[in-house]
Structure formats: structure tokens, C-alpha cells
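Please read them with the structure open beside you.

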Amino acid sequence: MSINEVKQLVIEAGRLAQRLAEDFTLETKSDSSFVTNADRAVESYLREHLTQLLPEAGFFGEEEGFTNRHARLLWAIDPIDGTSNFVFGIPLWGVSVALIEDESIRLGVIFLPVLNEVYWAEKGAGAYLNDQPIRAVDSEEFTSEDVICYASDAVDADLLRIMPGRPRCFGSAVVKLAWTAAGRVRGALSLGRLYDLAAGLLICHEAGCQTRYLSGEEWYLKHLTGGAALREPILTAPPRTMQAIFRLLHKV
């Protein structure tokens with residue numbers, strides 16, 4: 001199995017979602033979030049074809065949950081991250097696939113179909129956008145004009161009021177992480193589960209970022225591999241930028 005094979009599958013899955021976007025069916029899940037037939041079709045497509053690439057691996061996907069959750073190799077799949085954007089015709093949504101091995105993210109691929117952007121990384125081999133190397137922007141200064149992106153459920157009104165920079169919410173975890181890796185935004189504040197975050201976090205880390213809890217405590221992948229959502233927001237940013245944000249947040 002090669003990263004190129006995984007990239008091609010994720011691209012094909014994204015194109016499938018685009019075709020289904022022309023005439024989709026919409027339901028509401030128990031948590032009041034949207035799900036469409038496109039979400040389910042894309043996840044089924046990826047599970048089928050990733051199994052052919054790596055038969056021994058298990059799966060954790062947003063729509064179908066765990067399969068063989070204790071496997072040493074585990075695919076984490078978010079078939080359409082940003083389903084609300086997808087439903088309303090907003091182009092900020094994507095397909096995300098990561099491979100976890102022994103509590104380490106081995107590879108990650110994100111495809112933003114409407115923007116035709118493929119982000120990918122293998123552990124220790126750097127991060128790429130459409131096969132061009134990318135690097136997050138790092139600086140000891142964080143100004144009121146610097147953009148920091150957050151998940152809508154990761155901040156309350158008090159935190160938003162003291163958050164430095166210009167906060168943005170794109171409605172998609174994969175978009176905010178991919179754009180942090182590419183240097184379009186300076187940092188990303190996240191909650192979520194393994195399938196939301198794994199690919200984007202690896203791409204960010206390979207682009208020079210770190211991840212810590214907003215409190216400053218260390219974050220570890222094992223906090224996600226059990227399947228539960230994070231209980232505390234994590235911040236992903238390059239190291240000097242992260243320290244600048246923490247200084248402003250905690251006034252130290």
C-alpha cells in the first residue's frame with residue numbers, strides 16, 4: 001500500500017460526494033446534526049476500497065463507527081467533514097482519511113473537492129498541498145490581525161471574548177487544520193473525535209505545528225483512540241506562535 005493509492009481513493013470519494021451533492025437526501029441525527037446519503041455512500045466506498053489495500057486494518061468512521069477497534073492498524077474516516085456546509089452549498093467541506101498504527105498517526109489525506117486541494121502527509125516525511133511542500137507560518141508575535149480558527153463547539157462566549165487575533169469559524173475541522181498547515185491561518189482550536197482530527201493533525205505536525213490543550217497541558221493521541229470526543233479544546237499551531245497565543249491568553 002502506498003500513500004498515492006490512498007490519495008487516489010480519497011480523491012475518488014470526494015468526486016463521488018460532489019456527484020451526490022446534485023441530488024442528496026437529508027436526515028437529522030440524534031445529536032441534531034445533519035447526515036446525508038452522500039456521507040454514508042462515501043464512507044462505504046472508502047471502507048470497501050481501503051480494505052482491499054490493507055485487509056488487516058480496522059475502521060473508525062463517523063457514520064458506521066468501529067470495526068475491529070482493537071486492530072493494530074486503524075483507518076479513521078470522516079466521509080464529509082462539514083456536512084452543514086455541504087448541504088447549504090458552502091464549498092468548505094472535505095473528505096478525511098488517516099491510518100493509525102500503535103497510537104501513532106502513520107499517514108493522513110484530506111481532499112477539499114470544491115477547491116480541488118489535496119493535503120497529505122506521512123509521518124516523518126513532511127506535509128504537502130497538491131504535491132507541493134507546505135509549512136505553517138511561525139512567529140514570536142501574534143497580532144490583532146492574525147487569524148485563528150476555532151470549532152463552534154470549542155469556545156464559549158467568555159473564551160471568544162479574550163481570544164487573541166481575529167477568530168474565524170469555517171464549519172469544518174479538516175479545513176481549519178489544512179489551512180493552518182498551509183499558513184493561511186495561524187492556529188486552530190479544536191474539539192472532536194479521532195475521525196475528525198487525525199489526518200489534519202498529522203498534516204499540521206508535519207508542517208511544523210504542535211498540539212497542546214488550551215490550558216497548556218500536553219496532548220496525546222491516546223486521548224482520541226478510545227473513540228470519545230475531546231472534553232477540552234486543543235490548540236494546533238507552530239511552536240513560537242503557540243507560545244505567543246498562550247502569553248496573550250494567560251497574560252504571562
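1. A word on terms comes before the helices: axes are lines fitted to C-alpha atoms, for helices over the stretch in contact, and angles run from 0 to 180 degrees between N-to-C directions. Helices (H or I, at least four residues) and strands (E, at least two) are DSSP runs, numbered from the N terminus. The model is a predicted one, in which local features need pLDDT of at least 70 and side-chain atom pairs count only at pLDDT 80 or more, while totals for chains, interfaces and linings use all residues. Residues are numbered from 1 along each chain as its sequence is written, and side-chain values use heavy atoms, with hydrogens and water left out.

2. The axes of helix α5 (residues 173-181) and helix α6 (residues 194-206) come within 8 Å and cross at roughly 5°. The two helices are therefore roughly parallel to each other, a label given to angles under 35 degrees. Where they meet (contact means heavy atoms within 4.5 Å), α5 contributes Ala 173, Val 174, Leu 177, Thr 180 and Ala 181, and the residues of α6 are Asp 196, Leu 197, Gly 200, Leu 201, Ile 203 and Cys 204.

3. An open sheet is formed by five strands in the order β12-β11-β13-β15-β14, with mixed pairing; two strands pair if DSSP finds at least two bridges between them. The edges are taken by β12 (166-168) and β14 (210-213), each with a single partner strand, so one side of each is left without a neighbour in the sheet. From one strand to the next the twist averages 25°.

4. Strand β11 (residues 147-150) runs parallel to β12, to which three bridges join it, and Ile 148 has Pro 167 of β12 as its bridge partner, while Cys 149 has Arg 168. β11 also pairs with β13 in the parallel sense over three bridges, and there the partner of Tyr 150 is Leu 189.

5. In a regular strand the side chains alternate between the two faces of the sheet. In β11, Val 147 and Cys 149 point one way and Ile 148 and Tyr 150 the other way, and all are buried, that is, under 20% relative accessible area (1.4 Å probe, protein chains only).

6. Helix α5 lies across β11, β13 (187-190) and β15 (234-237), running at about 155° to β13. Helix α8 (residues 239-250) lies across β11, β14 and β15, at about 135° to β15. Buried residues in α8 are Thr 241, Met 242, Ala 244, Ile 245, Phe 246 and Leu 249, and the helix is followed by Lys 251, whose phi is positive, near 55°.

Conventions
Parallel < 35°, antiparallel > 145°, perpendicular 65-115°, else oblique. Buried < 20%, exposed > 50% of the residue type's maximum accessible area, 1.4 Å probe, protein only.
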